[in-house]
Amino acid sequence: MGGIQAGEILSNLERSDMPNRPFIVGNWKMNGLRSQMAEARAIDRGAARHVGVRVAVAPPFTLIAAMAEDAHAIAVGGQDCHQQQSGAFTGDISAAMLKDAGATFVIVGHSERRAMHGETDAVVKAKAEAALEAGLEIIVCVGETEAQRDAGQAEAVVCAQLDGSLPVGEGAAPRLTVAYEPVWAIGTGRVASPADVAAMHGAIRARLATLFGEEGAEISILYGGSVNAGNAAELLATDEVGGALVGGASLTAESFLAIVAAALPQAD
Ligand code: PEP
């Protein structure tokens, strides 16, 4: 495929233009200095060549504005926000600030936030509601620990997280994406089997139908946990997998765009 002319670039920012595109989201976590903006620009150029896939990156707060200013084909978002829009919360960032910096979405409830910052389902829900209030889309993360899976509690744990973390008010569903990320698969190189992913995504889909009725069928469910270029195609072809939330492999354009390319067969 040849180079894309400026006027031909189809925006990856709008969900409504091609609603069923696979959604591939990079979570840079606490990685990324201004010197790595070249990677972001390369990801953006690659995304412009893969308009059948919706591509997004959540860099650290410090890079959101610069990345959003440069972006033509990727959405740029935050990795967390505070549940209040402003006030005496030293060191925190509100959803309104993310929006002001150029973010169009925010991830809430990542297992690293839940485990390291003590975020409960109620806190995650309050953050999700604040983000919607500020006009952002939201990616709400859920996932069981290894001990919970070994105890046969994985689906019950994830469904309880959905019940407690998801905002269910009017207008929430069209701006909501759910990311299923088994905690034991994040950053470990261990990936859930396609059969386990299909079973869990099926359970999540059923819960979304209970919570949102017909709108629940349209909510994208991403898989996250050690997704890379080698395993992406199989995971993305699994039932009810609408895309991927990618940590480590999203840090370079080469590895992230390989995952974006692997999503293309699902886009046909
Ligand atoms: C994540 O942090 O959301 C994640 C899935 O990380 P990794 O891809 O590195 O496992």
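Start by selecting Ala179 and its surroundings: leaving out residues up to four places away in sequence, Ala179 touches Ile139, Val140, Cys141, Val142, Leu222 and Leu245. This is a predicted model, and the stops below follow from its coordinates.

Keep Ala179 selected and show the secondary structure. Ala179 belongs to strand β6, which covers residues 176-180. Its relative accessible area is 0%, so Ala179 counts as buried, the cut-off being under 20%.

Next, select Tyr223. Beyond four places in sequence, Tyr223 touches a list of residues that includes Tyr180, Pro182, Val191, His201, Leu235 and Leu245. Tyr223 is also part of the largest nonpolar core, a set of 67 residues. Within that core, Ile24, Val178, Ile204 and Tyr223 touch the most other members. Another core, of 12 residues, lies apart from it; Phe23, Ala56, Ala75 and Leu222 are among its members.

The charged end of Arg54 sits over the ring of Phe23, 4.1 Å from the ring centre. For aromatic pairs, a search of the whole structure finds 1.

Move on to the ligand. There are 14 residues around the ligand, and Lys29, Glu181, Gly187, Ser226 and Gly247 come nearest. For His110, a side-chain N or O atom is 2.9 Å from a ligand oxygen atom. Ser226 uses the backbone: one of its backbone N or O atoms lies 2.8 Å from an oxygen atom of the ligand.

Stay on Ser226 and check its backbone. Ser226 is placed in the loop between β7 (220-224) and α9 (232-236). Phi of Ser226 is near 60 degrees, a positive value in a residue other than glycine. Is Ser226 buried or exposed? At a relative accessible area of 17%, Ser226 is buried.

Finish at Glu240, in the loop between α9 and β8 (243-246). Here too phi is positive in a residue other than glycine, with Glu240 near 65 degrees. Glu240 has 35% relative accessibility and therefore counts as partly exposed.

Key:
Residues numbered from 1 in each chain as written. Predicted model: local features only at pLDDT ≥ 70, side-chain atom pairs only at ≥ 80, totals over all residues. Heavy atoms only, no water. Helix = DSSP H or I, 4+ residues; strand = E, 2+ residues; numbered from the N terminus. Buried < 20%, exposed > 50% of the residue type's maximum accessible area, 1.4 Å probe, protein only. Contact = heavy atoms within 4.5 Å. Phe/Tyr/Trp six-rings, centres within 6.5 Å; stacked < 30°, edge-to-face > 60°. Lys NZ or Arg CZ within 6 Å of the ring centre and 35° of its normal. Core = buried A, V, L, I, M, F, W, Y, C linked by side-chain atoms within 4.5 Å. Near = heavy atom within 4 Å. Polar contact = N/O pair within 3.5 Å; in protein donor to acceptor, adjacent residues only side chain to side chain.
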